[in-house]
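Here is a friendly briefing on a few local features worth a look. Please have the sequence and the model open side by side as you read.

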Amino acid sequence: MDIYKVKRLKRTEDILVEVPGSKSITNRALLLAALSDGITTLQGALFSDDSRHFLSSLISLGFNVDIDEKNHVVKVEGKGGAIPKPCGTVDVGSAGTAARFITAMLGLSDGCYTINASEQMQKRPMKPLFRALEDIGAQFEYTGEPYHLPVRVRGCRYKKDMGAGENKTPLHITLDTNESTQYLSAMLMTGIMNVGGIAIHVTGERKTGSYVDITRGMMEEFGCKPEYKDETYFVYGREKYRTGDFTYQIEPDVSAACYFYGIGALLGVKAIVKNVHFNSSQGDIQFISALEKMGCSVSDNEEGIEVEGPNNGKILKGIDIDMKTFSDQALTMAAISIFAEGDTNIRNIGHIRKQESDRLSAMAAELKRMGIECEEKEDSITIHPGIPSPCLIETYDDHRVAMAFTLAGLVSEGIEIKNPMCCRKTFENYFDVIESLYLK
């Protein structure tokens, strides 16, 4: 499908949908399972382009992996922090999370490997992670642009006198997380590969956050409890992940659920996503509070969180909002704010310029393509409501652009989405679920 022609959705009935497992949790669980000792069964796993590249990378490294896509189950046999193959080649595709996590794991190994990536992923920054790993003895040969993939890596334990040796002392690194907290998550989870543990001093403004909280919480569930004090994270040498067989349940993806909460907000109907509740560990759960500020009614019921947009002649309200800690929903907020009463200002999202696309510029460009006035700044955007004009939305091979701007077409005529199947990165049947909302 080269173009998806969005049709107006006229619906008064409640919306009840299911979404895939969380990408963030699935990818963390895959790494933690590989670093554990024994067979870990992951239930509710996401199957998408990203997770498949992660799975294929683990298989290329020699891990035994059993995949049951139909039932959303993956079994990984971990080797207690060791990598089965001492050398090999992996391809992370466009999967940013897999790229960061696997680079950290191989950088802390005692082997030699090649990491390949898609053209899109080769443009994404990873310098702070590479620099931190170089400081502890990992060696990288950059076969393209320096501090970008593709790369050949010799792990810091390849020579016993380098980096993580046999002296059981912790590795000390300094890590800049301004660009991405994924670097921190990667080093935290792989820190147990050094027998003496690791101490990570974090510089910059983003010293913690919702995704780091997910990482620390999952590490604890897998048997390792990192500590944080004086702007430094500690993973102690005594810490190990689980041994023996273990089952882990993956939450539904709140990022995916938010598109349907946005639809409920726009249509003035109730939207429920099964099994998503307020106790979710995922940062995008904050998007629901933002919708509440815009005038939606929100409740948490047995089936899941219920979001109902304003009705009976009422309209969504424009808001001023800091989305730094749930910036994956900035595009969704932009798409629904078109139809609000009053301007919407989205702040502290400059870091999304370095994701799958320059999302802030993409947001501004596609709003203007629809005839919607907006002002783009370095780390914010102000959106003035209006009536969208028919147009073909450019998606920049970015799944979130495709999925978010589909919402605009559900309440206005003539919106088409170019390259819609870029959504396979995280939610490959997204447009099938959208089609299911049209009553037969």
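Is D397 buried, partly exposed or exposed? D397 is partly exposed, because its relative accessible area is 40%; buried means under 20%, exposed over 50% and partly exposed in between, with a 1.4 Å probe and protein chains only. This is a predicted model, where local features need pLDDT of at least 70, side-chain atom pairs count only at pLDDT 80 or more, and totals for chains, interfaces and linings use all residues. Residues are numbered from 1 along each chain as its sequence is written, and side-chain values use heavy atoms, with hydrogens and water left out.

**Backbone geometry**

- Most residues other than glycine have a negative phi, and most peptide bonds are trans.
- D397 has a positive phi, near 55°, and sits in the loop between β22 and α12; strands (E, at least two residues) and helices (H or I, at least four) are DSSP runs, numbered from the N terminus.
- Y396 also has a positive phi, near 60°, and lies in the loop between β22 (391–393) and α12 (399–409).
- With 30% relative accessibility, Y396 counts as partly exposed.
- L149 and P150 are joined by a cis peptide bond, with omega about 0°, and P150 falls in the loop between β8 (139–142) and β9 (151–154).

**Around T190**

- T190 belongs to helix α6 (residues 182–190) and is buried, because its relative accessibility is 0%.
- Beyond neighbours within four places in sequence, T190 is in contact (heavy atoms within 4.5 Å) with L31, L35, F101, A104, M105 and L108.
- At 2.7 Å, the T190 side chain reaches the backbone oxygen of A186.

Key
A polar contact is a pair of N or O atoms within 3.5 Å; within protein, one must be able to donate a hydrogen and the other to accept it, and residues adjacent in sequence count only if both atoms are side-chain atoms.
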